[in-house]
Amino acid sequence: MFRLKLFLFFIFFSFGSATMLSAANPDKIILERQDNFKDIKDTFKALGNSFKNKAPLEKSLAIAKDLHSYAIKSATLFPASSKTPQSVESDALPIIWEDSNDFKKKSDSFVDAVNGLVSSLEDGDTMEIVELTQKIGANCKACHKVYRN
């Protein structure tokens with residue numbers, strides 16, 4: 001129950017901070033979004049290196065949990081007010097906001113895959129770890145193909 005409350009608090013806090021930032025200045029939310037996606041990229045690379053170097057599962061699990069928090073946050077960083085930047089360049093294409101249902105579906109799929117990876121690492125299920133790591137990469141590519149310049 002504590003984990004659920006902590007998770008819900010994190011979601012509320014992440015969404016709330018993104019919404020407040022975007023209301024003030026769309027460039028701030030775009031910069032936060034870019035930082036978060038850089039963190040996702042760096043963390044996914046670190047996760048791959050932990051597997052490649054046969055790090056203890058506990059280390060990979062800690063990295064996967066970081067990736068999970070970034071994945072959850074990423075879904076909150078596309079409020080409508082961030083569609084049009086003022087002075088910051090953005091690779092986000094307008095179709096994100098025009099087809100928000102598909103974007104949300106892809107975003108949810110990414111979060112689900114990362115969540116599954118965390119669970120598999122907790123269980124030590126190596127076959128599923130490989131499968132889910134590939135699925136996460138495929139999720140990234142699927143979204144970038146449609147929604148990123």
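Biologist: What relative accessibility does arginine 148 have?

Modeller: This is a predicted model, in which local features need pLDDT of at least 70, side-chain atom pairs count only at pLDDT 80 or more, and totals for chains, interfaces and linings use all residues. Residues are numbered from 1 along each chain as its sequence is written, and side-chain values use heavy atoms, with hydrogens and water left out. Buried means under 20% relative accessible area, exposed means over 50%, and partly exposed lies in between (1.4 Å probe, protein chains only). Arginine 148 counts as partly exposed, and its relative accessibility is 43%.

Biologist: Which pattern does the chain follow along the sequence?

Modeller: Helices (H or I, at least four residues) and strands (E, at least two) are DSSP runs, numbered from the N terminus. The chain has six helices and zero strands. Read along the sequence, its pattern is therefore α-α-α-α-α-α.

Biologist: Among contacts in the chain with a separation of 6 or more, what percentage joins residues 24 or more positions apart?

Modeller: A contact means heavy atoms within 4.5 Å. For contacts with a separation of 6 or more, the part that links residues 24 or more positions apart is 73%.

Biologist: How many residues apart in sequence are the parts that lysine 73 and glutamate 32 tie together?

Modeller: A salt bridge is a side-chain nitrogen of Lys or Arg within 4 Å of a carboxyl oxygen of Asp or Glu. The side chains of lysine 73 and glutamate 32 form one, at 3.0 Å from N to O. Lysine 73 lies in helix 3 (residues 57–74) and glutamate 32 in helix 2 (residues 26–52), so the separation of the parts in sequence, in residues, is 41.

Biologist: Where does aspartate 91, which arginine 148 meets in a salt bridge, lie?

Modeller: The side chains of arginine 148 and aspartate 91 meet at 3.8 Å, N to O. Arginine 148 lies in the segment after helix 6 (126–147), and the pair ties together parts that are 57 residues apart in sequence. Aspartate 91 lies in the loop between helix 3 and helix 4 (95–98).

Biologist: What is the distance between the sulfur of cysteine 140 and the nearest cysteine sulfur?

Modeller: A disulfide is a covalent bond between the sulfur atoms of two cysteines. The criterion used here is a pair of cysteine sulfur atoms within 2.5 Å. The structure holds zero disulfides. Cysteine 140 is in none, and the sulfur nearest to its own, that of cysteine 143, is at a distance of 8.3 Å.

Biologist: How far does helix 5 reach from its first C-alpha to its last?

Modeller: The expected span of a helix is 1.5 Å times one less than its number of residues. Helix 5 has 24 residues, and its reach is close to the expected value, at 34 Å.

Biologist: Which elements are included in what covers the buried residues of helix 5?

Modeller: The buried residues of helix 5 include Phe103, Phe110, Val114, Leu117 and Leu121. Their cover includes helix 2, helix 3, helix 4 and helix 6.

Biologist: Which residues does leucine 93 touch, not counting residues up to four places away in sequence?

Modeller: Leucine 93 is found in the loop between helix 3 and helix 4. At 26% relative accessibility, leucine 93 counts as partly exposed. Leaving aside residues up to four places away in sequence, leucine 93 touches Val146, Tyr147, Arg148 and Asn149.
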